[in-house]
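Try each task before you read its solution.

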Amino acid sequence: MTTTEYNKNMEFFVDMQRCIGCHSCEMACAECETNGQESMIHIHYVDRKHTVQTTVQVCMHCEDPVCANVCPADAITKDSFGVLHSANTARCIGCSNCVMACPFGVPKKIEEAELMMKCNMCYDRTSAGLKPMCATVCPSGALFYGTREEIEEKRPNSTPVNKFIFGQEEVVTKVNIMMPKGSKELKVH
């Protein structure tokens, strides 16, 4: 019998300024046996023509997940720990509503499987008291899984933010983005 040791004090933090585009997180994610060798985390170039700056994209695990709200098959679930899981293979109809609705552009439809897949915060690991694969291999500290006190000690000039404003919509997430000290929210235009 497996016992769940999910620690609610542990949080996921993303510091975009620290991403060096090494793709270690993608490779580690693809090695996870629950993903079918597909990476659920993605690296993107900000403006490849002018800079080598990259950003990392993980599921933000929204408090009120629009991806689950628009799913006509109730295939996407959020558990009691606030983790949003990939679509249930028995229920997903491959409609891509979740892909189109996510304000962060996270869910991806895996065409071959006719299934939506996304980061589930390595639930198989985090529910057993381990860190997500991506956070364990990130050499620059762009991805960090730990307590709020630990991140505040590591980044004294930054503030974790989990409130995003998209026009008139406010989205609160389980995942934090590191912003300049004193920030309260991130407005996305």
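**Exercise 1. Find the residue in β8 that stands opposite Ser 158.**

Solution. Keep in mind that this is a predicted model. Start at Ser 158 and look across to β8: the residue opposite is Pro 180. β7 covers residues 158–166 and runs antiparallel to β8, with 8 bridges joining the two. Finally, follow the chain through the turn: the hairpin of β7 and β8 has 2 residues between the strands, and Gly 167 takes a positive phi near 65° there.

**Exercise 2. Work out how strand β1 runs relative to β8, and name the bridge partner of Val 14.**

Solution. First locate the strands: β1 spans residues 11–14 and β8 spans residues 169–180. Then compare their directions: they run parallel, joined by 2 bridges. Last, go to Val 14, whose bridge partner in β8 is Ile 177.

**Exercise 3. How many disulfides does the structure hold?**

Solution. The count is 0. Check Cys 67 to begin with: it is in no disulfide, and the nearest cysteine sulfur, that of Cys 59, is 6.2 Å away. Now turn to Cys 138. The closest cysteine sulfur is in Cys 22, at 6.2 Å, which is too far for a bond; the cut-off for a disulfide is 2.5 Å.

**Exercise 4. Decide whether Cys 67 and Cys 138 are buried or exposed.**

Solution. Use the cut-off: buried means under 20% relative accessible area. Cys 67 has 6% relative accessibility, so it counts as buried. Cys 138, at 18%, counts as buried too.

Note on methods: Residues numbered from 1 in each chain as written. Predicted model: local features only at pLDDT ≥ 70, side-chain atom pairs only at ≥ 80, totals over all residues. Heavy atoms only, no water. Buried < 20%, exposed > 50% of the residue type's maximum accessible area, 1.4 Å probe, protein only. Pairing = 2+ DSSP bridges. Helix = DSSP H or I, 4+ residues; strand = E, 2+ residues; numbered from the N terminus.
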